[in-house]
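Please look over the sequence and the structure shown below before reading on. The paragraphs after it are meant to be followed with both in view.

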Amino acid sequence: MDRRSFNKLLVGALGASAFPLSWIASPASASGERVINTIVNPEPATLMIGLNQQAPTGLVASKIYQGLVRYDFDLNPMPCLASDWSVSADGLEYTFTIRDDVLWHDGTPMTVHDVIFTATEFLPQTNPRSRLILGKCASITASENNTVTFRLAAPFGPFLLAFDASTFPVLPAHLYEGTDFRSNPNNDTPIGTGPFKLAEWVRGSHIHLVRNEDYYIDDKPYVSDIYYRIIPDAASRALALENGTVQLGQASDVEPMDFGRLAALPNLTRIDRGYEFSAPILWLEINNRVEHLSDRRMRQAIMHAMDRNFIVDNIFFGIGSAATGPINTRTKYYSENKRVYDFDLVAANQLLDNMGLTAGADGIRTRFDLIVPPFGEVFARLSEYTRQALRQIGIDVNLVTTDVAGFASALSNWDYQLTFNYTFQYGDPALGVARTYITDNIVQGVLFSNTAGYSNPDVDARFAAAESTIDETERTHLYEQVQQLLAEDVPLGWLVEMEFPALQANSLEDVITTATGLNGDFENARVIG
Amino acid sequence: MKATLSIALRWLVKAILFVFVLASLNFLLIQLVPGDPALVFAGSSGAADQQMINQIRAEFHLDRPVWAQYIDYILRTARFDLGTSFQHGRPVWDMIAERLGATLLLTGSAWGLSIAVGVALGLVSMRYVGRWPDMLVSSLALFLYAAPSFWLGLIFVLVFSIWLGWLPAFGVGTIGVEHSMLGAVLDKLRHLILPALTLATFYIAIYARLMRGGLLAVAQLDHIKTARAKGVPQIRIVTHHMIRGAILPVVTYLGFHATTLISGAVLVETVFAWPGLGRLTFDAILQRNYPLLMGILLVTSVLVILLNALTDLLLRAVDPRTGVSA
Amino acid sequence: MRFLRKPSGLIGLIGIACLLLLALFANILAPADPWAIGARPLLAPLEKGYIFGTDSLGRDVAAGVIHGARVSVFIGVASALATGLIGVTMGLVAGYAGGWLDAALTRTTEFFQVIPAIVLAVVVLSFAGPNMITIILVIALISWPPIARLARAETMALRHREFVMAARLQGESRLSILTGHILPNAAPPLIAALSLSIATAILTESALAFLGLGDPNTMSWGYMIGSGRTMMRQAWWITAFPGVALMLSVLCINLATGAYSDDLTQRLTQKGSQ
């Protein structure tokens, strides 16, 4: 064989290789000119929002499906599929008036029957979070004049925060009733009531949504097409935002260090709203059962030893703010009136001295293992920082890496000493915060429960009381006390209030108009210029 | 002909046995892993409770005893059914097949590139033996042989993409720009150059050295000296006599090279975000995606066996004297 | 030691010596803990006295490179020893015993050579969990086949030699023959191959660390390259310098080993032609 043959081989290899056509094919031109190109990462498993509560599914399917209400930036409900609602004086009955002019994407009219079906049959079977909330209802019935009444067994303060598309997407009974939900063929062609319909899904490339021409609000939506592009690499996504191929993205789409650079570009604007509903807090998860960690002085010392501002500046590159307690400043009933832990190594060392933990010749008082969550560079740097920070107070931290399943298993089975974790707060402490601290939710084998094993009857009582009343003053008072108690006990090392600012091209307007931000239905979004 | 048939048959039997043992071992390996897939799937949905976990277990047969899962796996594998990936709700084979092309493209290009450039550099070395081009090629080969491929890839990105802006840094095509057929191929070529080059560098170094050594040895042979004395033009001597004589070590190495391409692809695909099997492997491990992992291990090993067989045949074609026993 | 007279061998050996010195005296050359967070983040090389700059957490890159030498040397040598143990044993037994044992061992060797090395390494490490011990064992797991093949070939060539025959006639046990006669004679090419495997082990560890499967408590060169990858645009030095150190180390080992085995080949051919 000679050189010529080799070169032929090379050209042949390039030309004849069988790559999927989707690589070459770009999505066909949009039908109208008002197009939004954005990103979804990673590619969702399905768009059937009732079956899957993962973030990518929610991001896209929230344009196709809708809930009874939406929430504004102050977490007040606004009409969506429900035009009006009322709460009885005793807080036990919630009555929603459902719009009668809504059509499913296949033309069938939406009725109260769909709402009842969703609430009593579909969601309890498929969505654990909905199941928990809807399970508090004694009955869910339709009444005259297109209304649905939820009758609670006991008052539940945050009940109205459970009816947007993420917690209560209304699903078509005529397609799902009496079927096996998970294997229903309609799952590939999601039918909803939202301002956008699924036009095409090219796996590995993009998801194309088109305007719902029969949307129940005239003129809306203003956008004709939305393309969710699937770009697996952070650097590629950053490039796409930079060169305008994509006009909308979120902070988690790019590496934190790139975000600042992109936000400063003339064609992009940073939107610091739209995450009021999720408002997560990232914490150092401390297993309260482990020796020394069970002593709250140790936990307080750890809080004093970590410089949360340094973490926000250098590990999160300024995206986020220092957390001071269990409730995010954007969640309802946040209170400042509690003990705070400044970065103070002297105080930290003093606490450990008081515990009687003396340092050996190597300066080490005790050792802990820290499991590094396998979710990216941020957690790797955070773990390294924590190890250095705790070394300053004589604690030797051994880093342990694992994979996602190992992490989930270790965390839910309490097989850890230190790690990191965060959960969404869903707007109200009863919905997203209580589950982390109440004794009843210490369930082995389940994630997002009280995995740290903290138990305080005073806290339990207050959480229970606060959720079963609708009196705002009383709830505020109770949650203030909860925060004070938790700030003293420090069951977890709260570090960062995570933020998910969006990056929006200057040609877009009114994209983020609700507390769920990019997970809103975009009915108000416009493309200008 | 009969000889080739019997060899092919023996190879086939051996390959099937190999795959069976491989499949069994894969299964065993992954069973030893701590961590519960049902838990992960439930957890990544954003909320988790026991009912949901049980549902997932039942759906994906995780509630059956291990030996039943094993027999099920072997039988399905024989039917080319590699199971479903729970994380994506899609057949494993589909996920592998759609990435296979990208990896084959990358590894094939790197293979061809390394042979072409390596042989060319070897020729240069021989032509200017002892003088500065030879020294340059030899030094280059030394450095390329020692440099880690993933680091070299990053340096290429730094120099050619970030600093010079000549070539794209990642992915397989420019997003959002519509291309004609030719334009699309050219665009893909632009994206292919850096990753293929990165994957090829190690072997460029090897082939350059091998060719140089081979050519120099062949140059001393009698029939070459005779041809030169007879006045045959230098070009013809080189292409018709010397390369053929010197190529044997290179071709012998080709088989070994082919089998290590997949491993190399994992690193290079990660650096360049190339949407191939290597990248898929890494993602699958992060997600503890058992069916996908097993599928990838199997497919890549079969690929290696196939490549081995192909290069074996190639070796025979080039030099029938080499009887490599099956 | 004649190979020292060749310039490549000499350069290689000097390089290796430098590497060993860095590893041994890391604590004196760079007394600060490479993990220590003290300086301002993202200082460019030569800024404020940090010759290789600092990373995103303000850690000294030069200190990382120096301490990384220690990790590389340790893992390289330990892996080579483990590889040698497994490979030489397998090869000696297969080459000497012959018959079905040889066939079985050879099949096993082939089996391990078929599975793509990095894929196997990554899978095993993710269930074993990456730490020093598992990394060394995994590297040995993917590196032993070529050593075994070489050992087998050497053994097969040697077992028919007169001194082996003589030893058998004298009733020496097989183990004694293997360790006393065959191994010493097979040693030189095996040593050359194992020395090369040190370089491969160093590269493999850095590849695994780059992919995120390194020991998170050790500052290895691969780990630094991996962590600097996302910062290429802002801070190329985090990735560049550890990589140069890697490349030079591997280069020197290759040079020295190459000179040594060239020398060996020369001596063998000279012997052969006698």
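What follows is a walk through some parts of this structure, chain by chain.

The coordinates belong to a predicted model, and the model as a whole scores ipTM 0.83 and pTM 0.78. For chain C, the average pLDDT is 86, with 96% of the residues scoring at least 70.

Elsewhere in chain A, the loop between helix H7 (234-242) and strand S11 (248-250) holds A:Gln247. Is A:Gln247 buried or exposed? With 23 other C-beta atoms within 10 Å, where 20 or more are needed, A:Gln247 counts as buried. Once its neighbours within four places in sequence are left aside, the contacts of A:Gln247 are with A:Ile36, A:Asn37 and A:Thr38, and also with A:Ala505, A:Ser507 and A:Leu508. The C-alpha atoms of A:Gln247 and A:Leu508 are separated by 7.7 Å, although these residues are 261 residues apart along the chain.

Chain B contains 12 helices and 2 strands, and their order along the sequence follows the pattern α-α-α-α-β-β-α-α-α-α-α-α-α-α. Of the 326 residues in chain B, 46% are buried, and among the contacts in this chain with a separation of 6 or more, 71% are made by residues 24 or more positions apart. One of the helices, H4 of chain B (residues 66-78), has 13 residues and reaches 19 Å from its first C-alpha to its last, which is close to the 18 Å expected at 1.5 Å a residue. Just after H4(B), B:Phe80 takes a positive phi of about 65°.

The largest nonpolar core has 320 residues, and those with the most contacts inside it are A:Leu495, B:Tyr207, B:Met211 and C:Ala121. Helix H8 of chain B (residues 181-219) gives the largest share of this core, 17 residues. Apart from its neighbours within four places in sequence, B:Tyr207 is in contact with B:Ser114, B:Ile115, B:Gly118, B:Val119, B:Gly122 and B:Val250.

The last stop is the interface between chains B and C, where 33 residues of chain B are in contact with 28 residues of chain C. On the side of chain B that touches chain C, the elements giving two or more residues are helices H1 (2-31), H6 (132-146), H7 (149-163), H10 (234-272), H11 (277-286) and H12 (290-318) of chain B. Which element gives the largest share of this side of chain B? That share, 7 residues, comes from H7(B). Sorted by class, the side of chain B that touches chain C has 28 nonpolar residues and 5 polar ones, with no charged residues.

Key. Residues are numbered from 1 along each chain as its sequence is written. Chains are lettered from A and ligands numbered from 1 in the order in which they are written. This is a predicted model: local features need pLDDT of at least 70, side-chain atom pairs count only at pLDDT 80 or more; totals for chains, interfaces and linings use all residues. Helices (H or I, at least four residues) and strands (E, at least two) are DSSP runs, numbered from the N terminus. A residue is buried if 20 or more other C-beta atoms lie within 10 Å of its own, exposed if 12 or fewer, and partly exposed in between; C-beta atoms are placed from the backbone. Two residues are in contact if their C-beta atoms, placed from the backbone, lie within 7 Å. The expected span of a helix is 1.5 Å times one less than its number of residues. A nonpolar core is a set of buried Ala, Val, Leu, Ile, Met, Phe, Trp, Tyr and Cys residues joined through C-beta atoms within 7 Å. Ala, Val, Leu, Ile, Met, Phe, Trp, Tyr, Cys and Pro count as nonpolar, Asp, Glu, Lys and Arg as charged, and the others, Gly among them, as polar. pLDDT is the predictor's confidence in each residue, from 0 to 100.
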